[in-house]
Structure formats: structure tokens, C-alpha cells
Amino acid sequence: MSTNISLPAAPPLASSLAAMPRGGKYLTFQVAEEEFGIQVLKVREIMGLQEITAVPHTPHYVKGVINLRGKVIPVVDLRLKFGLPETEYTQRTCIIVTEIVSTEGNMLIGAVVDGVSEVLNLAEADIEDTPDFGREVNTRGLLGMAKSKGKVKILLDIDEVMTATELQNLGSLVN
Amino acid sequence: MQLNQNLDRIAEQYLLEDFSGIRPLLAELSAHLSHDQLAPLAASLDQLLAEPAAPAEAAAPAEAATMGQASQQARAEFEGALEALRRALSQSAAPAPSTGATSSSPAASSVLSQDPELVGDFLLEAREHLGSVEQGLLIIEKDPSHKESLHSVFRSFHTIKGLAGFLEFDRIQDVAHEVETILDMARNGQIVMGPALVDLALSGADFIQRETNRIESELHGRTEFVAAPVELLAHLRAAAQDPGAAAQDPGAAAQDPSAAAQDPSTAVPANIPAEAHAEVLAVPSAEEAAKLPEAVAVDAPARRAQTQESYSIRVDTAKLDYLLDMVGEMVIAESMVRLDPEIAASGNARLQRNLTQLRRVTEEVQKVAMATRLVPVSALFQRVNRLVRDTSRKAGKLAEVEFFGEETQLDKTIIEELTDPIMHMVRNSIDHGIEQPEQRVAAGKARAGKIQLKAYRQADHILIEIVDDGRGLNRERIRNKATERGLVPEGAVLTDSEIFQLIFEPGFSTAEKVTDLSGRGVGMDVVKKQITKLRGKIDIQSTPGVGTTFYLKLPLTLAIIEGLVVGVGRERFIVPIFSVQEMFRPAPGQISTVQGKAEMVMVRNTLLPVVRLEDALSVVGSHSASEDGLMIVAEIEGKRFVLMVDEFIGKQEVVIKSLGGSLKNTPGVAGGAILGDGRVGLILDLEAIYRDREPKEENSTETRKQSFCFSEQDLVTV
């Protein structure tokens, strides 16, 4: 685990983020060595890995499209999105189908993660603002950090993660 | 709610001039409302009751005028009071504290402060009403005494007014109110809806249409400007106050269409003596008797439309799309079960029988679900009706329009996309095709030109014909123009159809003068582009002096295409079949290489460029030798090329689905489709693939190769 993460919380960064109620239920999952969490309300469903049709001329982290009961939805590999090395998909690998709010309206996007852990109920007090990691780490996609059962979970603002193109360096958080 | 209904009834009684009937309603209201609120209404009602009901009863014209004015004042007061009460009610009913904002600047802020869903419903309903208003007014124009249409148009305006009032769209409310007043007088037999009044009512409807468009764009965050209807309201009020003047001899206006259309204000001239009222009043009954058979004939379709309406419901398109998705999945699941090897091997006859039954049912469900998106073309034709009327007037020509096959059904999206091209072609037909009345008579034709719109189904396509009996296309002039512009080499031999196709070239116009209607050379190329976009084809037939016919061939729906499923390496792609001409495996030596790079293949004595799909999409293919591949000859906008893939897997009808989000605009990919095994296949955008082929290549070779392939093209056509 990175030593950065256990640092005491820095003063609140973005006032808009602080204003948003962050407490509530989070689905936690693993990508590489790290535990992440996204708000349960953002999750449509969790499905096992299925055949992904590759789409040409797309960024490398877009694995392609899948058939979600008659709807064609894009699938993004979060490892690649965060600039982490690609690994073989395993039995635990799954796709979290998230509902994203973007400028073009709501849309469904699948996120490939290494494995899903549990649903956590986090109180506002459990969540700390994202510390300032310096310029190399873009913290735009982060809601905050939560401590639960002695482990730190990184809470993602999944709307931001899925719509922003430059989030590669989030991976440096994990290593 | 109850109170609002009461108010509606009061308004209705008021419009029916049954003032005494309002009193008991007011008494009913007083049980719910304070005295202060009702006082102004009651006071103006008393005043109204004191006035003689109909100003026409007065003996001298001068007296009638003053009396009319007084009662007008009382009416205005009554209306004002009623409106104030209604507003107070709707505000107290509205839960949001929006009162302050709405009253300060009504037109601009109200859209944003209102519930967007309510506004959306209003827009939908208002447009529906406007559609029937137009239809009704056109019937009234032909037969001013057509009671049923008068009633229905009145009701439509009344409903629009009520809804607009509730949502505080004051401009719409004001205009609708004035038009309603005129229509009310017409249906009570006080005036006759002459062409001038119909024009006025139509421009009222037009304004409301524009205003609804504005509201809609505001709803989506865009601002649009629509001028306040000051002049229109003035005309409407003038017509309402002086009905005798506006209801001048309908025959005169009909004979001189241009005059009436040019300036509606001239159609509302000075006073006509009171004696005229009596005459005007007598006209409808006589006319009614004379036109009885015709009136019945017009009634029939109107009644049919009404019954149709009562059996249809409005459904959110998102729901329909979801239904279609689910049905598609059901069909796939069904075929997976049916084709499961274990089930096939079981030899259980009963199971097989049940599966066959299941298949039949799913197929039927799929067909029905697909049909839900289809709507009759009559709505589109109806708009042409209006267009022909306005355009022929403007051009000083006479034209009639006839429809065939209005009930033919077509995908709603296609109908929407088709509106502009069809309107343009009809406008062209009137402006270029139909001759002036005198010329027509000289040529031995009827004074009025005839435009026919026909729609019918042919196998998997819908055909729409636009027929006019005008002067026909001028072959020589089109040809000369094309030679002049360098589109056709001098002395080339062209068939009629090839010459006619030239009018679809960009910037091509043979009109000697640019008119308000057409001749600017924008249009026919846009028409063609739009039709091609809809995966349709357009063809022309024309005989000099006899007329021109445009044939449009369109797919039934845009949602489904027939495609070839092809494989490249592990990936599968779908090639839309409408752009595929043929497929073949190349013989050894059939492929030649230009400058060691670009591959060409000889197909029926024509050299065509080869595009390898694996290169175009940067996927891993399995064949490196060209001879092992499969060649697909594709045609895109008149240019042909050969697409090389690894294998042909099958032919399938697929439902086109958007890739969604950021993938929507992926170059070379038009969309996705669910294949028979439940996987997603990508539908290819051949145009983009051809355009962007081998981007790695240097520009110079690119252009050289392109010019080479164009010269090939020229060889083919000449």
C-alpha cells in the first residue's frame, strides 16, 4: 500500500466535493492491489465476463462492446484506464455495469475490474477528503478515502472516471 | 380541479353567449371562493346581461356600432376578470413558489419555472391540435359552412388556449383566444369564414407553431427569438370587432388569390353597412343546402380519423425501444434453445412441436413489435396540402392536390426525415412544373394544375410518387447547363434518366430567374442526399408538356437492415447489403498492384481499388495472400471499390443499435447489432472506410490513386 494514503487528511480541496453528501452505500472492488468503491446507486448490475467485441480506432482502455440484454454498451478496463499493466482475466474478473451521467445524458458503461468485494455502509465521518498528492496525480476522479476494517478504500467519482480522458496517472496511486 | 372545471364551464357559456347561464355557475363558485375574488366577475356579468345580446338587432348602423363598443368593453372586463381568477387558482394550486418569477417576465421565464414534463405534454398536445386545425381550416376554406370542422377547429384553439393559460404562455393564449373568438362567431353563423379569415386563422396557428418550437428549444437550453404577435393580434382583433368587413364576398377573394395573400391587412377594409349582415347570415344556409352531398363526402374521412384516434394511445419511444430490445433478445434466446444440440438429439416429438409453436409465436411478436414504430403517411401528405395552397397562391398559379394511399405505413423517423425533401419537390413542381393558368388553357389543359402524391408498399419497400401534370423537365436545357458547368463532356450520349439525374448535382438550377420559391440551386442535391441517407433511391420520369413524376423508393424502417456477416480473423462484421453489388473469390492474377502498394482488381473489365478490411480497421486478419480473401464489390455514392475480408459467414436481418456514448462516432463503424449467438457485431460504415482508406500512405500517392480511380469511373459512365 502506498504510504501517501495513510497521511493525515489535508485541508479540504474542492468545496463542491465537500458539499456533496458522500455517506451511504458503496460497492467495493479490486483493481490490482487496491480496493476501490463506487456509490451503489451508480451500479446497475454486476455480471460475469462475457465475450467482448473489440471496436477499432478507440483508446486502448476501451475493451469493446457487449450485449446487455439487447442493448449495446461499451466496456472500459479500469486497469488500463488507470494506466496499470494488463493482466489475464480470471474467474474473479467481472464487469460492473454503471449508469453514468454525462453531458449527453445518462448512459450505461461497463467497467472491467479484478473482482468485486462487498457493499459497505459508510458514514460521512468515515470518509476523508482526498489528500493532495502533488501535481503528478490527478485527483478529479476521486470522491475521497474511506477507512473500513483497517483498510483504506479509494472512493471513485465514477461519472468523472468514465468521461474524463486523462486519468492515466491514477495508477500511480495504487503502486 | 373542481374549481377549474367550473371556470371552464363559465368560459364556455360565455362563448355561447348564454350569459344568464353563467349566474348559477358563479353561485356555485362562491361556495369555494371569497367574495373579493368573485366580485369583478359578477360585476362585469351584470353589465353584460344589461346589454342586448346581439348587436345586429339594432336598427341603425351607427347605433349598432356604439352598442357594440359598449358590450365589447363589458366583454373585455369579463374576460379579464375570468382570466385573473383562473390565474389565481392555478397559482394557489401550484406547489412551487414560482409566482414571483412568472409574473415579472412571463414569456421568457415561465418555461424554465414550469415543470418540464408538463410543458412537454403541452407541446405534444398543442402540435396535435395544430395539425387538426390546419386540416380543418382547409376544409372550411372549401366549404365555409362545414359545421363539424368549424367546431373541431374551435375546440382545438380552445384547448390550446386553456393549456397555454395554465402554463402561462401568454402570447399563445392571446392569439388562440382571438382566433377562437372569430371561429366562435363563424360557428354561430354570425360571420362566414372567407379566405381572408381562414388566412388569418392559419397565420394564428402558424404563430402558435413557431412559439411552441421556441418553447421547445428553450426547454433544451437554447434560446430562439420569435417576434411578439403584435400585428397579428391587431389583425385578429380588427377582424373580430368588425366581422362584416372581413367576411366579404368569398368568391372575390378566391378569384384573386395573390391579392389576399400579399397583404392580409387589405382584406380587412372599411365598414360594410348593417344590411350586409343579413345577407351574410343568409348565405350559409343556402350554401349548405346546395353543398349537402359534398359536405357528407368530406365528413366521412373526418369521422374515420376520429375513430382511429380513439383506438390509439401515446407511448414513450424509450419504452418502445426497450420493448424492441427485449423482443430481439427473446428471439435470440428462443433460437439458442431450439438449436441446442442436446434438444435436437432428444428426438422428443412433443418437445419439438412445442418448440415450433414457440418459434411461431416469437416471430409474430417480433413482427408486431417492429410494426409499432410505423405510422401512416397521411400526416406528411396533410402538410403538402397546406404547402400547395400557399405556394400556388404566391406563384399566381392554380393547383390542386390529390392523395392516394394515405394509410400506407412507414417508420416514424423516416416520415420526419422525409418531410423536407417532399416539401421541396412539391414546391419545385409548382414553381417549375405547373404552368400559368393561361398557358395551361392554351396547351389544352385544365386551368388548375394537378399534383398527385401516391404511396404504396412494394415488397420490403415503400414507394412514394410525386406526380405533376406540368410542362415536364426540359432535357435540352438541363443538358446545356450540365455541359456549361463541365459535368458532362460535349457530345456525350446520355439517356433520359441520366440527364434527369443531373438535376441532383450540387448547385444545379435551370431556373432562368431566382424566385422566392426556388431556383437558387440549393435543394435537389440536398433532397438526394437526404433520401440516400434514409437508404432510399430517387428516380425521375418526365414527358415534355405532359408532366413529371418523382419516384422515391424507401425502406420500411430504419431500425433494421439486411447485412452480410463477414469474418476477419476472429472478428465479425456486418456489411449493409444495400451497398453490396457482388461477391467473388479472385482468380490468380486478377489482382494487380499499382506502384507496389495499392492493390487493384479487375471486375467485369473495370479496375477497382481494393481495401483490406483488416488494414482499414487495424484488426488481425488471417490471410495475407490476396487470392485467399473474399472480394465484396461495394458501391458508395456512385463510386465502386472492393472490400476484402477473410470469409463470408451468412446473411442476416439485424436491428441497428447505437454503440452509445463516446463510441458513437467511431470512424468506419455505423453501429452495432446483436448477432444470432448473442454477441455484438459491428456494422460497417463503408463510406468512411473508403474515404479513410490507408491513412498511413503519403498524401501524394493518395491523390494520384484517387485520380486514377476517378478516371476509371469516367470510363465506365461515358
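Modeller: Axes here are lines fitted to C-alpha atoms, taken for helices over the stretch in contact, and angles between N-to-C directions run from 0 to 180 degrees. Helices (H or I, at least four residues) and strands (E, at least two) are DSSP runs, numbered from the N terminus. This is a predicted model, in which local features need pLDDT of at least 70, side-chain atom pairs count only at pLDDT 80 or more, and totals for chains, interfaces and linings use all residues. Residues are numbered from 1 along each chain as its sequence is written, while chains are lettered from A and ligands numbered from 1 in the order in which they are written.

Biologist: Why are α20(B) and α21(B) called roughly parallel?

Modeller: Angles under 35 degrees count as roughly parallel, over 145 as roughly antiparallel, 65 to 115 as roughly perpendicular, and the rest as oblique. The axes of α20 (residues 378-394) and α21 (residues 412-433) of chain B cross at roughly 30 degrees and come within 10 Å. The pair α20(B) and α21(B) is therefore roughly parallel.

Biologist: What is the hand of the crossing where α20(B) passes α21(B)?

Modeller: A crossing is left-handed if the near helix is turned anticlockwise from the far one by less than a right angle, and right-handed if clockwise. α20(B) passes α21(B) in a right-handed crossing.

Biologist: Which residues of α20(B) and α21(B) meet?

Modeller: Two residues are in contact if their C-beta atoms, placed from the backbone, lie within 7 Å. On the α20(B) side the residues include Leu380(B), Val384(B) and Leu387(B), and on the α21(B) side they include Ile415(B), Ile422(B) and Val426(B). By class this contact has eleven nonpolar, three polar and two charged residues; Ala, Val, Leu, Ile, Met, Phe, Trp, Tyr, Cys and Pro count as nonpolar, Asp, Glu, Lys and Arg as charged, and the others, Gly among them, as polar.

Biologist: What makes α7(B) oblique to α20(B)?

Modeller: The axes of α7 (residues 116-142) of chain B and α20(B) come within 10 Å and cross at roughly 50 degrees. That angle makes α7(B) oblique to α20(B). The crossing in which α7(B) passes α20(B) is left-handed. Among the residues that meet are Glu134(B) and Leu138(B) in α7(B), and Gln382(B) and Arg386(B) in α20(B). The classes in this contact are two nonpolar, four polar and three charged.

Biologist: Why are α9(B) and α11(B) called roughly parallel?

Modeller: α9 (residues 170-187) and α11 (residues 230-241) of chain B have axes that come within 9 Å and cross at roughly 25 degrees. α9(B) and α11(B) are therefore roughly parallel to each other. Their crossing is left-handed. Val175(B) and Ile182(B) are among the α9(B) residues in this contact, and Leu232(B) and Leu236(B) among those of α11(B). It comprises eight nonpolar, one polar and three charged residues.

Biologist: Why does Ala32(A) count as partly exposed?

Modeller: A residue is buried if 20 or more other C-beta atoms, placed from the backbone, lie within 10 Å of its own, exposed if 12 or fewer, and partly exposed in between. Ala32(A) has 16 other C-beta atoms within 10 Å, so it is partly exposed. This residue lies in the loop between β1 (24-31) and β2 (34-39) of chain A.

Biologist: Which strands of chain A each supply at least two residues of the side that touches chain B?

Modeller: In this interface, 18 residues of chain A are in contact with 24 residues of chain B. β4 (62-68), β5 (71-77) and β7 (105-113) of chain A each supply at least two residues of that side. β5(A) gives the most, with four residues. The residues of this side of chain A divide into ten nonpolar, five polar and three charged.

Biologist: Where in chain B is confidence lowest, and where highest?

Modeller: pLDDT is the predictor's confidence in each residue, from 0 to 100. In chain B the lowest mean, 31, belongs to helix α28 (residues 699-717), and the highest, 91, to strand β18 (residues 680-684). Chain B averages a pLDDT of 73. The model scores ipTM 0.76 and pTM 0.56.
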